[in-house]
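Subject: Structure handover

Hi,

Here is the structure I promised to pass on. My notes follow below it.

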2 protein chains.
Amino acid sequence: MITDRQLNIVPFVSVDHMMKLVLSIGVETFLTELAGYIEEDFRRWEVFDKTPRVASHSRDGVIELMPTSDGILYGFKYVNGHPKNMKEGLQTVTAFGMLADVASGYPRLISEMTILTALRTAATSAVAAKYLAPEGSTSMAIIGNGAQAEFQALAFKAILGVDRLQLYDIDAAATAKCMRNLKGLGFSIKSCASPQEAVQGVAIITTATADKQYSTILTDNMVGSGVHINAVGGDCPGKTELHRDILMRSEIFVEYPPQTRIEGEIQQLPGDHPVTELWQVISGKLPGRNHAGQITLFDSVGFATEDFSALRYVHDKLKGAGFSEDLDLLADPDEPRDLFGMLLRAQTKGLAQPVI
Amino acid sequence: MITDRQLNIVPFVSVDHMMKLVLSIGVETFLTELAGYIEEDFRRWEVFDKTPRVASHSRDGVIELMPTSDGILYGFKYVNGHPKNMKEGLQTVTAFGMLADVASGYPRLISEMTILTALRTAATSAVAAKYLAPEGSTSMAIIGNGAQAEFQALAFKAILGVDRLQLYDIDAAATAKCMRNLKGLGFSIKSCASPQEAVQGVAIITTATADKQYSTILTDNMVGSGVHINAVGGDCPGKTELHRDILMRSEIFVEYPPQTRIEGEIQQLPGDHPVTELWQVISGKLPGRNHAGQITLFDSVGFATEDFSALRYVHDKLKGAGFSEDLDLLADPDEPRDLFGMLLRAQTKGLAQPVI
């Protein structure tokens, strides 16, 4: 079946290979390099074919497809979000994705993206904070210490130099897990008994909880002037983390307004509430933080270009490194129009059963 | 990595496995059983979450995502259409797809769909013709003898009993390939020098050409009363096969009007031109063919539910049959929130490099 050109083969990065790739590069280096790709793609934002993700909502969760293209490569991610999964021993979020050549439509890479999404979400947060957080921020609160927490911590360490963490989770076991995993990685960490305690004195507040409901992780009185809020967990309709009053006091930055207005914290605000697009700040078209007392808020919901950047980075890193396997994904008859002939001839290659 | 429950594993059907599965069942039996699934899903049309496919158009082709869900299972297909590929030794259409559990969002199957799409397109055509073609039709013209032609022929043989074919292609080599492949499979076949000759005296006319342009494969004077037209090739904006006058004389049946009005033959007509939805005929809500002299036209563009039916059928047939391999696609930490811990621990399982 496999010809010299191996037109049928698409490289596949399994979970095991992704872990090996990440570990061989080093988590912080991976996050830093990935952040570079994400930043580069935000800078050339205007070349991308953009659309809000295509969501299929059900009682217990959502399944989404997130496609985009820069005209040369096309990428999409399949991702679910099911908060109830955790209780059943399943991941809240699982994902996989692919890259294809726009010119031929042929897939070039298929990859697990559960781990990769965790990495790109954290790298995107850190890229935004690089432009929005107070100069020289080294302390961060993380409220919600689930699957995303350690990745956020390491991305902010690698890209901004954050080394002091204050952690809080409604479930103390999650905080303990997070502290255990981050031990020895260069942080001074405080476990906090309340969100109030966690946000005390920090420059950056990250919220990353998973409940699919309107919650109020942060109330207005908890947020002092000058902080940067990195709101990661409010990412689908009916799911927010911040009190509306905080939004009213903040300068709000978003990835792609048509999607964020549906899914982000700003779903609590009128559709014409002013927001700034992150790409405009990164490309220097608009200012980020204006003054020291300003509250900046990155209302992060995750956008298709970030997954595209992540797939592009992994694809570049794969070259010859042995971190993928070959998938026999594409039919490749000797003559392109002879798909049926290929099927017919397969019969003579070791199948006893009748064709028809 | 692999636990007892193997939560990380998703079965994958490669091209090679798909061919072996189809051959082990037999092509005609496969088409007949698949048509049963397609018909069943058209009958319960109203339960499906339906959306026009999400298309990314470029100079040379289109890349599409086609999602749908019946509330229990979610499915989507990735598919490209690049007519120029053929000249470069590539498939015009390649595809793959997946099924997932709506309740958890976890993938249950990933499959090649280049071969499967060819089969489901032909099976759908035959299902439509079962309700629309003249009673006792046994003859069919096939104009356009590319990758889809033999599948159409076998589906119409298996489901309607068509055994007399008249073939025409602008490239005689395509017709020769088609005749060679269908030899000995129970057809009497005539190779024709023109479309006019091909349509002479047949009950069903199938058009399946691949050019991405407005063509006129059939002109009005070529189509006599009482025939059924199975128009397969007009399937994206700017690509049609039939002269507008034929549409004006025909009773038109479509899969999903919001998609067909953009992509089908009826893109040549005003947006309010009356069409009948195929599911309404199949479920007995509306009549199909009214009288012997009527021209019926199935303006087929391919809809997500048909791919869903095909994936559902393959998934059912796989059970224990050994026609799939295991993909390590899903991260499965011992504790769902401990994604980072899984990565950390992978380091101790055979990787010498530093984590951070």
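S7(B) pairs with strand S10 (residues 204–207) of chain B in the parallel sense, over 4 bridges. Strands count as paired if DSSP finds at least two bridges between them. Helices (H or I, at least four residues) and strands (E, at least two) are DSSP runs, numbered from the N terminus. Opposite Met140(B) stands Ile204(B) in S10(B).

Some ground rules. This is a predicted model, where local features need pLDDT of at least 70, side-chain atom pairs count only at pLDDT 80 or more, and totals for chains, interfaces and linings use all residues. Residues are numbered from 1 along each chain as its sequence is written, chains are lettered from A and ligands numbered from 1 in the order in which they are written, and side-chain values use heavy atoms, with hydrogens and water left out.

**Around S7 of chain B**

Strand S7 (residues 139–143) of chain B is mostly covered, with 5 of its 5 residues buried. Buried means under 20% relative accessible area, exposed over 50%, and partly exposed in between (1.4 Å probe, protein chains only). Ser139(B), Ala141(B) and Ile143(B) point one way from the strand, Met140(B) and Ile142(B) the other.

S7(B) also runs parallel to strand S8 (residues 164–168) of chain B, joined by 5 bridges. Ala141(B) has Gln166(B) as its bridge partner in S8(B). With helix H4 (residues 149–160) of chain B, S7(B) and S8(B) make a right-handed β-α-β unit. A crossover is right-handed if, with the strands pointing away from the viewer, the path from the first strand over the helix to the second runs clockwise.

S8(B) pairs in turn with strand S9 (residues 188–191) of chain B, parallel, over 4 bridges. Leu165(B) stands opposite Ile189(B) there. The chain gets from S8(B) to S9(B) through helix H5 (residues 172–182) of chain B, in a right-handed β-α-β crossover.

One residue of helix H4 of chain B is Ala153(B). Its relative accessibility is 0%, so Ala153(B) counts as buried. Leaving aside neighbours within four places in sequence, Ala153(B) is in contact with Met140(B), Ile142(B), Leu165(B), Leu182(B) and Phe187(B). Contact means heavy atoms within 4.5 Å. The C-alpha atoms of Ala153(B) and Met179(B) are separated by 11 Å, and the two residues are 26 apart along the chain.

**The seven-stranded sheets**

Chain B has an open sheet of 7 strands with mixed pairing, in the order S2-S3-S4-S5-S6-S1-S17. Strand S2 (54–57) and strand S17 (325–328) of chain B are its edges, each pairing on one side only. The twist averages 20 degrees from one strand to the next. Strand S3 (residues 62–69) and strand S4 (residues 73–81) of chain B run antiparallel, joined by 8 bridges. Val62(B) stands opposite Gly81(B) in S4(B). Helix H3 (residues 114–132) of chain B lies across S3, S4, strand S5 (95–101) and strand S6 (107–112) of chain B, at about 85 degrees to S6(B).

Chain A has an open sheet of 7 strands too, with mixed pairing and the order S2-S3-S4-S5-S6-S1-S17. In chain A, strand S5 (residues 95–101) and strand S6 (residues 107–112) run antiparallel, with 5 bridges between them. Phe96(A) has Glu112(A) as its bridge partner in S6(A).

**Where the chains meet**

At what angle do H11 of chain A and H1 of chain B cross? The axes of H11(A) (residues 339–346) and H1(B) (residues 15–25) cross at roughly 75 degrees and come within 9 Å. That angle makes H11(A) roughly perpendicular to H1(B). Angles under 35 degrees count as roughly parallel, over 145 as roughly antiparallel, 65 to 115 as roughly perpendicular and the rest as oblique. Axes are lines fitted to C-alpha atoms, for helices over the stretch in contact, and angles run from 0 to 180 degrees between N-to-C directions.

Met342(A), Leu343(A) and Ala346(A) make the contact from H11(A), and Val15(B), Met19(B), Val22(B) and Leu23(B) from H1(B).

**Helix H1 of chain A**

Helix H1 (residues 15–25) of chain A is mostly covered, with 8 of its 11 residues buried. Among them are His17(A), Met18(A) and Leu21(A). Just after H1(A), Gly26(A) takes a positive phi of about 100 degrees.

Best wishes
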